[in-house]
Amino acid sequence: MVRQVNRMSPFNVTSLVLGLAFLYLPIVILVIYSFNASRLVTVWGGWSLRWYFEFFNDRAMLDAAWMSLRVAAVSATIATLLGTLAAVGLARGERFRGRALFSGMLYAPLVMPEVISGLSLLLLFVALNAERGFWTVTIAHTTLTMCFVTVVVQSRLASLDRSLEEAAMDLGCNPVQAFIRVTLPLIVPAIAAGWMLAFTLSLDDVVIASFTTGPGSATLPIRIYSEVRLGVKPEINAICTMVIALIAVVIVIASLASKLSSTQGKSAAPL
Amino acid sequence: MSARRIFAQPARYAAIAPYLWMVLFFLVPFGFVLKISLSQTAIAQPPYLPVFDLAEGWAAITAAFSQLSLDNFGLLASDSLYLSSYLRSVVVAVISTLMLLVIGYPIAYGMARLPQRWQPIAMMLVIVPFWTSFLIRIYAWINILQHDGLLNKVLLALHVVSAPVVWLSTDTAMYIGIVYSYLPFMILPLYATLSKLDASLLEAAADLGASPRRAFWLVTFPLSLPGVGAGALLCFIPILGEFVIPDLLAGSGSMMIGQTLWLEFFTNKDWPVAAAAAIALLVLLVPPLVLYDRMQRRQLGGAN
């Protein structure tokens, strides 16, 4: 059935190579210039780590980075918990009252422009008279990212063979035990992928954080954003390179984890 | 079957916590946007009137309700600043989507024609930049596009231009940034449909005497239209509400609706008008969303 003919035309090869170059070159250039010794971003002055040292001496940037990491870790964890529960409710809850509203509320933030999500949450926090800072940003990011977690976990649950859960219950498990012993181990890769997605989304967000944060608690993207508006600085290249490296490490760990669990089960994470 | 029903009950309980969370942090805030879009601007903290004060009882609330008005929407519809930013959002989204289609299609097509075992690798390569921070990718382009950046250096060295070209703060820079950021959104749905195409259809076309080019336009392209539609809408919808890319890369001359909202909120401190702009932006999103939903449904219906 599968006919393995190489049908690549020169046009196909060219567009693929150019396309991938377009996707990767800017990032590669950014990384290379972060090791530039020269203060002028555009003049090559030899290899150097000075902009990395500069960052580690920049109190405000360090604070922002620490704030971002905390927000990303906490919001991704809460979002993974809530998103997984929501996915279980949607995928296994059959019909229940308010189901349409529930799935609507979970899908809407996926397409909602960030300016609107940010504005609406800020209006809530102002009305509640909540002090803006770490927790308001964390809640905002949790609300957005749990929807992504729900989608990832729900699609995994939908593809699971339900007779496994039924067999567990026939063998005397109650539903909660069946879920914890049978379903949960099978969806762990999806949950890990969901956490990772939530973490990177939170680390990336500048718009929602700008609305929901307060004075003195800027996240890293907010700091980068305000610096970038003033122009290119080599220190920013170094910070960006470190963020890229961090995300790369997270992706590698997660894909290793999902490979490990897929040798036990036989599933792979969707992303 | 009965096991399934037993399972449903605790699964519903699982939904309670996320349900309450979304009501409190999605639905209720949205109600606030609606309410404040109908309020009046005030020099106060918070900067709008009327403010509901639950402590003052029902009479105060009904009095507050009677003060609500559609004035802000009237302002949006009559002031050329808002109208032009509304229009610009649509124009930018349409042009970017077309550019993405023209650039993304050949790439997706090339991916679909790769030998089978290379295709997952190519897909990974397209997805990975999507994981890298959005802001960082825009920043990477500022590096390249600035006055003495790499692009101008290359162009000068190749004698394509005699003096550095101004790229930053132009629409060209903005379109480059948008195409760069959204390219994976266009490539992936296109690749998904193109890779599922039955190769024997093309062989049949060739057997019947069609040239490869003719076969592409008569067979491949029409069959890939669902992917084209999905990719186009997946790009069009978020680009409409885009803020960061136009703010960093385009000039300050004309704004998209997301930028207008930001300006009203942060610079002019006019919260009611910002809220009204948010509602207007949502209204703008409804038709493409309905279209997307209908397309997905038709796809599912066709599959069964």
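This is a predicted model: local features need pLDDT of at least 70, side-chain atom pairs count only at pLDDT 80 or more; totals for chains, interfaces and linings use all residues.

Colleague: Okay, and which residues in H14(B) are buried?

Modeller: The buried residues of H14(B) are Ile257(B), Gly258(B), Gln259(B), Thr260(B), Leu261(B) and Trp262(B), together with Glu264(B) and Phe265(B).

Colleague: Stepping back a bit, how many helices and strands does chain B have?

Modeller: Chain B contains 15 helices and two strands, and 42% of its 304 residues count as buried. If you take the contacts in chain B between residues at least 6 apart in sequence, 70% of them join residues at least 24 apart.

Colleague: Now helix packing: at what angle do H6(B) and H9(B) pack?

Modeller: H6(B), residues 119-131, and H9(B), residues 171-195, pack at an angle of about 160 degrees, and their axes are 10 Å apart. Since an angle over 145 degrees counts as roughly antiparallel, H6(B) is therefore roughly antiparallel to H9(B). Their crossing is left-handed.

Colleague: Which residues make that contact?

Modeller: From H6(B) the contact uses Gln119(B), Met123(B), Val126(B), Ile127(B), Pro129(B) and Phe130(B), while H9(B) supplies Pro184(B), Ile187(B), Leu188(B), Tyr191(B) and Ser195(B). By class, these contact residues divide into nine nonpolar and two polar, with no charged ones.

Colleague: Switching to the two chains, how many residues does each give to the contact?

Modeller: Chain A contributes 71 residues and chain B contributes 72 residues. On the side of chain A that touches chain B, helix H1 of chain A, residues 10-34, gives the most, with 13 residues. That side of chain A has 50 nonpolar, 11 polar and 10 charged residues.

Colleague: Last topic: into which domains is chain A divided?

Modeller: Chain A is divided into domain 1, covering 9-48, and domain 2, covering 58-264, and the centres of these two domains of chain A, taken over C-alpha atoms, are separated by 31 Å. The contact between them takes eight residues from domain 1 of chain A and seven residues from domain 2 of chain A. On the domain 1 side of chain A, the residues touching domain 2 of chain A comprise five nonpolar, two polar and one charged.

Notes: Residues are numbered from 1 along each chain as its sequence is written. Chains are lettered from A and ligands numbered from 1 in the order in which they are written. Helices (H or I, at least four residues) and strands (E, at least two) are DSSP runs, numbered from the N terminus. A residue is buried if 20 or more other C-beta atoms lie within 10 Å of its own, exposed if 12 or fewer, and partly exposed in between; C-beta atoms are placed from the backbone. Ala, Val, Leu, Ile, Met, Phe, Trp, Tyr, Cys and Pro count as nonpolar, Asp, Glu, Lys and Arg as charged, and the others, Gly among them, as polar. Domain bounds come from an automatic or database domain assignment. Axes are lines fitted to C-alpha atoms, for helices over the stretch in contact, and angles run from 0 to 180 degrees between N-to-C directions. Angles under 35 degrees count as roughly parallel, over 145 as roughly antiparallel, 65 to 115 as roughly perpendicular and the rest as oblique. A crossing is left-handed if the near helix is turned anticlockwise from the far one by less than a right angle, and right-handed if clockwise.
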